[in-house]
Amino acid sequence: MNTFFQNLAITIIFLAIRIQVCSQEKTSEQWQVLDIDFRTSEQIDNPLKVQFGAIFQNNSGTTLNIPGFYNDANEWIVRFTAPEVGKWSFKTYSSIKELAGKEGNIVVSTNRKENQHGPVIISKVNPQKFEYADGTPYFLMAFELDWLFALDFDNPNDIPKTKEIIGHVSDHHFNQIVMNVYAYDANWGERDKIDPLHDYSKPKTFPFGGTNEKPDHSTLNINFFKHLDRVISYLDQKGIVAHLMIYVWNKKVNWPEPRSEADNMYFDYVIKRYQAYPNLIWDISKEALAYGRDDMSYITDRIERLRKIDGYKRLLSVHDYSYCKAFPGLVDFISIQEWRPNLYSEMLEAYKKHSDKPVFNIEHGGYEKTMYSIFDGQYQDPLICLDRNYQCIFAGTYSTYYWQNTSWYNVITDPFSLPKTQQPAFDYYQNLTKLFKDYNFNDLYPEQYTFTPFALTNKKNTYLFYIPHGLTIAHGDISGTALQGKKVNVRWFNPLTGDYLLGKPYDFTKGSWMEIRRPGDIKSPFAVLILTTNE
């Protein structure tokens with residue numbers, strides 16, 4: 001089929017979807033994104049300044065006020081995602097008479113997608129853990145991909161590069177992408193060694209009018225956002241959360257002045273356009289206070305502005321611990337950027353300090369390296385990077401993975417086409433997520449007993465001990481635990497292979513001292529010791 005007929009087919013399919021969406025009674029599924037579109041007969045002056053939205057009401061009584069957005073070419077969209085099944089009605093409002101008073105009904109059925117569990121929320125049982133809206137535990141294992149928006153912006157028909165890298169991310173059980181709405185360039189890395197095919201710095205796309213070099217901040221580039229729709233929608237299809245950083249200050253973006261009309265226009269538009277996606281988590285800015293761009297009052301202003309616009313109340317954080325620590329009540333979870341060598345103790349301290357919120361180490365200083373340097377940080381060895389993730393998790397907090405050939409402007413979308421020695425260690429993180437699916441992280445709390453390694457326990461019948469590099473025997477006093485006075489089952493987990501190994505049962509009936517030697521069969525610098533009782 002030639003290009004003309006391919007595009008014609010795509011157009012026909014698109015129109016068919018629009019015809020269905022614009023039918024008198026619409027149908028949808030819970031947590032499915034539905035675009036309800038409207039058109040004006042004539043071009044509107046300053047369409048980005050038009051007030052427009054709809055009030056949705058469920059037959060159960062739930063009401064949502066959802067702002068709409070301009071989508072170019074006289075088209076206006078209210079993007080709706082039903083948090084509940086049932087029959088919903090809606091009525092539009094607008095400062096433009098032609099867009100006001102439009103009514104309709106939507107019949108919402110149970111979602112049938114296997115990997116769709118609704119938005120991520122704070123656990124109703126443990127406020128330091130995440131879960132999905134349907135109650136399924138959410139063990140956050142994030143992957144930074146700052147230039148994801150740039151991979152296929154020039155391809156109107158498909159997003160093959162995006163699908164390729166996200167396929168690898170999904171296959172290895174990462175379930176959150178830390179990403180920018182937009183980034184331009186960076187001043188680090190061995191740029192002369194980078195293959196131009198993988199270099200996405202200085203992308204020829206921009207969220208405003210004009211270009212990053214010569215911006216027109218008075219308007220927005222709607223096509224930029226149409227492409228970003230495709231990216232976030234595909235992440236939703238794959239069951240991956242988009243941790244969307246609305247601003248970034250160290251990527252050479254030519255932003256408008258803070259709090260200016262152009263700044264507010266951009267910020268409001270992002271919230272209106274993306275809030276409906278159930279896989280969305282907000283982050284005001286990457287390293288929000290680190291580069292002298294703004295102050296805490298500006299971040300607070302942005303948070304208050306977002307809360308007023310976001311009808312779905314998606315989770316929100318700020319990539320800056322100084323802000324989160326100063327105003328914990330304004331964020332839904334704590335973001336921290338902790339690089340120090342004593343990582344476990346620092347993360348445990350943050351966990352204890354913020355006892356009513358999850359804590360997420362969004363950047364722990366480990367940036368896994370391959371054939372050349374993009375940004376080395378403090379730790380580059382794959383095993384050390386893995387160890388730092390385990391330290392965060394055994395402190396009861398969450399963590400992020402960085403590979404230097406995807407996290408910034410150099411993006412290799414098929415990393416396993418590289419020579420074996422240059423490939424990333426994604427499989428280590430697949431093993432990590434397997435462990436905390438088998439032993440539900442939402443049931444576990446950090447502990448450290450006298451002389452013992454770092455532990456996670458449900459305080460009833462399960463104790464996991466992280467055995468670091470060089471530790472050959474797990475010593476310690478487990479007095480006061482549920483293990484005391486019992487014979488316990490012993491199991492070992494190999495973080496490098498994902499394999500379990502049964503050990504000999506251990507007898508605590510004669511004392512509370514633990515002395516369990518690590519088996520020689522685990523050929524890994526570190527391991528996890530798992531002790532369980534039959535109760």
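Modeller: Helices here are DSSP runs of H or I with at least four residues, strands are runs of E with at least two, and both are numbered from the N terminus. Keep in mind that the model is predicted.

Colleague: Where does that place Asn 461?

Modeller: Asn 461 belongs to the loop between E22 and strand E23, which covers 462-467.

Colleague: What makes a residue a contact of Asn 461?

Modeller: Contact requires heavy atoms within 4.5 Å. Leaving out residues up to four places away in sequence, Asn 461 touches Leu 531, Thr 532, Thr 533 and Glu 535. Ala 150, by comparison, is 48 Å from Asn 461, C-alpha to C-alpha, and 311 residues away in sequence.

Colleague: What is the relative accessibility of Tyr 182, and where does the residue lie?

Modeller: Tyr 182 is in the loop between E12 and E13. The relative accessibility of Tyr 182 is 0%, so this residue too counts as buried. Its contacts beyond four places in sequence include Phe 149, Pro 203, Phe 206, Phe 224, Val 248 and Trp 255. Val 248 is 66 residues from Tyr 182 in sequence, with 7.7 Å between the C-alpha atoms.

Colleague: What makes His 173 stand out in its backbone?

Modeller: His 173 has a positive phi, about 70 degrees, and is not a glycine. The residue lies in the loop between helix H2 (160-171) and strand E12 (176-180). Lys 202 is also a residue other than glycine with a positive phi, near 50 degrees. Lys 202 is placed in the loop between E12 and strand E13 (208-210).

Colleague: Why are His 173 and Lys 202 assigned to their accessibility class?

Modeller: Partly exposed is the range between the 20% limit for buried and the 50% limit for exposed. His 173 is at 40% and therefore counts as partly exposed. Lys 202 is at 47% and therefore falls in that class as well.

Colleague: How many aromatic pairs are there, and why is Phe 56 with Phe 80 described as it is?

Modeller: The count comes to 64 aromatic pairs. A pair needs ring centres within 6.5 Å, and planes under 30 degrees apart count as stacked. Phe 56 and Phe 80 have centres 4.1 Å apart and 5 degrees between the planes, and the pair is stacked. Phe 56 is in strand E3 (52-58) and Phe 80 in strand E6 (75-81), so the pair ties together parts 24 residues apart in sequence. Both Phe 56 and Phe 80 are buried.

Colleague: What kind of pair do Phe 130 and Tyr 138 form?

Modeller: Planes over 60 degrees apart count as edge-to-face. Phe 130 and Tyr 138 have 80 degrees between their planes and 6.3 Å between centres, and the pair is edge-to-face. Phe 130 and Tyr 138 are both buried.

Colleague: Which residue lies over the face of Phe 267?

Modeller: Arg 302 does, at 4.9 Å from the ring centre; the distance limit for a charge over a ring is 6 Å. The charged end of Lys 459 sits over the ring of Tyr 445, at 4.8 Å from the centre.

Colleague: How many cavities of 30 Å³ or more does the search find, and what lines the largest cavity?

Modeller: The search of the whole structure finds one of 30 Å³ or more. The volume of the largest cavity is about 100 Å³. There are 13 lining residues, and the closest to the centre are Gln 116, Gly 118, Tyr 132, Gly 239 and Asn 279. The lining divides into six nonpolar, six polar and one charged residue.

Colleague: Which residues of helix H7 are buried?

Modeller: In H7, residues 343-353, the buried ones are Leu 343, Tyr 344, Glu 346, Met 347, Leu 348, Ala 350 and Tyr 351. The elements they pack against include helix H6 (321-326), helix H8 (382-394) and strand E22 (454-457).

Terms used: Residues are numbered from 1 along each chain as its sequence is written. This is a predicted model: local features need pLDDT of at least 70, side-chain atom pairs count only at pLDDT 80 or more; totals for chains, interfaces and linings use all residues. Side-chain values use heavy atoms; hydrogens and water are left out. On a 1 Å grid over the protein atoms alone, a cavity is a set of points where a 1.4 Å probe fits but cannot get out, and a pocket is an open set with protein on both sides within 12 Å along at least five of seven lines; lining residues have an atom within 4 Å of a point. Grid points are joined across faces, edges and corners, and a volume is the space filled by probe spheres set on the points. Ala, Val, Leu, Ile, Met, Phe, Trp, Tyr, Cys and Pro count as nonpolar, Asp, Glu, Lys and Arg as charged, and the others, Gly among them, as polar. Buried means under 20% relative accessible area, exposed over 50%, partly exposed in between (1.4 Å probe, protein chains only). Rings of Phe, Tyr and Trp (its six-membered ring) pair if their centres lie within 6.5 Å; planes under 30 degrees apart count as stacked, over 60 as edge-to-face and the rest as tilted. A charge sits over a ring if NZ of Lys or CZ of Arg is within 6 Å of the ring centre and within 35 degrees of the ring normal.
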